[in-house]
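Let's take a friendly look inside a protein and ask where empty space is left. Rolling a probe the size of a water molecule over the atoms shows where that space is.

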Amino acid sequence: MNNINVLWVDDEIDLLKPHILFLEQKNYKVTTCKSGTEALEIINDKKFDIVFLDENMPGLTGLETLSEIKEKNANIPVVMITKSEEEYIMEEAIGSKIADYLIKPVNPHQILLSLKKNLDNTRLVSEKTTSSYQQEFRKIAMDMAMVNSYEEWVELYQKLIYWEIQLETIEDPAMIEILESQKTEANHQFGKFIDKNYANWFKPNVDAPTMSHNLFKDKVVPQVSNAQPTLFVVIDNLRYDQWKVLQPIINNYYKVEKESAYFSILPTATQYARNAIFSGLMPSDMERLHPDLWLNDTDDGGKNQNEGEFLEAQLKRLGLSHLKHEYVKITNLKSGKKFVENFKSKKDNDLTVVVYNFVDMLSHSKTEMEVIKELASNDKAYRSLTESWFKNSPLLEMIQQAQQLGFKLILTTDHGTINVKNPSKVIGDRDTSLNLRYKTGRSLTYEDKDVLAIKDPKSVHLPSITMSSSFIFAKSDLFFAYPNNYNHYVSYYRNTYQHGGVSLEEIIIPFVVLNPR
């Protein structure tokens with residue numbers, strides 16, 4: 001504390017002697033001067049941690065001095081002190097990025113509070129966050145031992161995400177490590193929960209979460225009306241924690257009316273989960289009812305080329321063909337920009353559905369490109385990269401336009417993704433599917449403890465490619481690796497983002513309804 005250098009600029013500095021003595025007793029070093037010109041000379045010669053600046057001085061005004069100080073050192077915190085409560089002075093000062101704004105007469109404790117807020121803020125926030133999480137840690141550990149319903153799992157996962165984002169701001173490695181171990185344990189327990197309950201959720205009269213195949217009917221349709229156009233955006237592969245870092249940006253244009261979570265079906269992979277959203281059907285029913293639209297893992301061709309047709313069929317089945325609607329998939333910057341240019345024409349639709357593919361491409365790029373591996377080396381970096389993309393994306397422009405045109409906004413995703421750390425050996429024939437987090441095929445050999453195994457795919461409404469096909473899903477942060485060329489394969493895929501398996505990150509995903517500000 002005794003290294004803090006304060007510059008106090010005020011033409012009536014002599015009247016502030018008691019304040020200065022008070023600060024010096026608290027071990028702050030205070031340098032004083034009586035004009036803006038003098039202050040600029042002193043700042044040239046000496047480094048200060050903070051400046052208290054009177055607004056109303058002869059010669060250079062406080063605002064003029066502020067501007068000059070910021071030119072010399074943009075990062076130094078400046079606290080403006082003024083007798084005037086005129087709004088334009090406040091706005092000017094705030095626009096010039098002042099650290100605080102105090103109205104005279106000020107008392108010593110106000111000054112001390114401003115110093116702590118601006119200079120000691122990081123330490124105080126860090127200490128408070130750490131102690132709060134330490135208290136919460138015990139509660140989370142107890143909850144984890146007791147959790148026994150899908151609602152409780154949603155609540156627990158949201159709590160873990162909240163603390164993960166809080167702790168990342170204070171950069172305390174020990175606390176982050178503790179949280180990581182809690183997430184690992186939570187995923188271990190969640191794997192057991194899904195193992196025990198997943199198949200039951202498809203039985204009649206069982207309390208089950210909203211899942212991919214009933215999301216549109218249960219959660220989207222009730223929000224659509226002729227009175228207000230609705231923009232329904234499915235951001236591929238968006239985890240709950242990524243939604244939480246995008247939310248403050250979106251809050252500038254939209255306020256959240258309702259935020260909830262829903263459960264992705266298994267496999268938590270695009271061809272299964274996203275087709276289920278748009279068809280309103282589970283995969284085995286898509287295969288049966290729409291053999292012309294559904295492709296299995298072993299079939300050639302793009303597996304998500306028919307979402308628009310699936311949506312048409314679902315609207316017809318729900319008796320909603322009269323809704324004026326449009327389906328658009330955006331897979332690159334060019335198509336995103338083109339869609340934004342023509343967005344005004346969408347205001348006549350009752351429902352505009354947009355699938356936005358960037359986050360999925362980001363996770364695949366992390367596997368394939370060294371530069372992305374560097375940029376998204378962990379979950380914190382992955383969130384940061386998602387936020388950076390979003391701030392500069394056509395998707396944000398689209399949301400801004402939608403707000404101006406009065407659209408209701410619905411944001412969701414098809415599944416999440418997990419950073420895989422540990423390999424699990426699997427053996428299958430040449431027709432076995434290629435995904436790292438799930439496999440379907442005949443005669444699969446695997447580590448029982450590592451997987452959720454579905455011997456009878458029809459029991460969870462998945463297609464059987466052959467009579468003896470089964471599905472296995474990797475739990476926690478595991479990924480499947482074949483014994484041949486094992487070491488190369490493992491080093492290539494370890495610490496990449498994958499989906500298809502059983503984890504909190506992949507299965508519990510956001511569904512958010514927002515209204516324009």
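This report on a predicted model goes through its cavities and then its nonpolar core.

## The largest cavity

Searching the whole structure turns up two cavities of 30 Å³ or more. The largest cavity holds about 40 Å³ of space.

Which residues line the largest cavity? They are Tyr157, Leu160, Ile161, Glu164, Lys183, Arg239, Asp241 and Glu505. Helix H7, which spans residues 150-168, supplies the largest share of this lining, with four residues.

Next comes the second largest cavity, with a volume of about 30 Å³. Around the second largest cavity you will find Ile235, Leu238, Trp243, Leu411, Thr412, Pro510 and Val512. Two strands, E10 (408-412) and E19 (508-516), each give at least two residues to this lining.

## The nonpolar core

Now turn to the largest nonpolar core, which has 101 residues. Within this core, the residues that touch the most other members are Ile194, Tyr198, Ile250, Met398 and Ile508.

Setting aside neighbours within four places in sequence, Tyr198 is in contact with Met211, Ile265, Leu266, Met282 and Val460.

Technical notes
Residues are numbered from 1 along each chain as its sequence is written. This is a predicted model: local features need pLDDT of at least 70, side-chain atom pairs count only at pLDDT 80 or more; totals for chains, interfaces and linings use all residues. Side-chain values use heavy atoms; hydrogens and water are left out. On a 1 Å grid over the protein atoms alone, a cavity is a set of points where a 1.4 Å probe fits but cannot get out, and a pocket is an open set with protein on both sides within 12 Å along at least five of seven lines; lining residues have an atom within 4 Å of a point. Grid points are joined across faces, edges and corners, and a volume is the space filled by probe spheres set on the points. A nonpolar core is a set of buried Ala, Val, Leu, Ile, Met, Phe, Trp, Tyr and Cys residues joined through side-chain atoms within 4.5 Å. Buried means under 20% relative accessible area, exposed over 50%, partly exposed in between (1.4 Å probe, protein chains only). Contact means heavy atoms within 4.5 Å.
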